[in-house]
Amino acid sequence: MSHDNNSNWVSSKEAQRHFKIKGCDLMHHRVSGKLTFQKKGNTYLYLVADLDKLKSPFKEGASLNSKTKSS
């Protein structure tokens with residue numbers, strides 16, 4: 001999957017697998033307007049550029065270090 005073209009779209013399953021995000025999280029970001037999406041039949045397609053923008057906060061913001069430091 002190429003990320004350098006803003007017109008690249010991926011399905012929910014592809015987004016979950018590649019970006020390591022739960023379907024529920026995709027839905028919340030979609031509903032809140034953080035993700036550009038298209039609905040084709042029963043399938044949601046997400047703009048790769050938007051997923052790339054969300055990728056960093058998931059990895060940095062969801063740090064496990066904050067949980068392990070308190071132990």
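Analyst: We will go from the overall fold to single residues. Keep in mind that this is a predicted model.

User: Which pattern does the protein chain follow along the sequence?

Analyst: Read the helices and strands in order. The protein chain has 4 helices and 3 strands. Along the sequence they run β-α-α-β-β-α-α.

User: What share of the residues in the protein chain is buried?

Analyst: Buried means under 20% relative accessible area. Of the 71 residues in the protein chain, 25% are buried. The accessible surface is about 5,200 Å², and carbon and sulfur atoms hold 51% of that.

User: What share of the contacts joins residues 24 or more positions apart?

Analyst: Count the contacts with a separation of 6 or more. In the protein chain, 54% of these are between residues 24 or more positions apart.

User: Which residues are buried in helix 2?

Analyst: Helix 2 covers residues 23–31, and L26, H29 and R30 are buried there. They span an arc of only 100° around the axis, so they lie on the same side of helix 2. After helix 2 comes G33, with a positive phi near 90°.

User: Where does the charged end of R30 sit?

Analyst: Check the distance from the charge to the ring centre. The charged end of R30 is over the ring of Y44, 3.7 Å from its centre. R30 also lies over the face of F37, at 5.8 Å from the ring centre.

User: How many aromatic pairs are there?

Analyst: A pair of aromatic rings is described by the distance of the centres and the angle of the planes. With centres within 6.5 Å as the cut-off, the count is 1 aromatic pair.

Terms used. Residues are numbered from 1 along each chain as its sequence is written. This is a predicted model: local features need pLDDT of at least 70, side-chain atom pairs count only at pLDDT 80 or more; totals for chains, interfaces and linings use all residues. Side-chain values use heavy atoms; hydrogens and water are left out. Buried means under 20% relative accessible area, exposed over 50%, partly exposed in between (1.4 Å probe, protein chains only). Helices (H or I, at least four residues) and strands (E, at least two) are DSSP runs, numbered from the N terminus. The arc is that of the directions from the helix axis to the C-beta atoms. Rings of Phe, Tyr and Trp (its six-membered ring) pair if their centres lie within 6.5 Å; planes under 30 degrees apart count as stacked, over 60 as edge-to-face and the rest as tilted. A charge sits over a ring if NZ of Lys or CZ of Arg is within 6 Å of the ring centre and within 35 degrees of the ring normal. Contact means heavy atoms within 4.5 Å. Accessible areas come from the Shrake-Rupley method with a 1.4 Å probe; for residues, only the protein chains shown count as cover.
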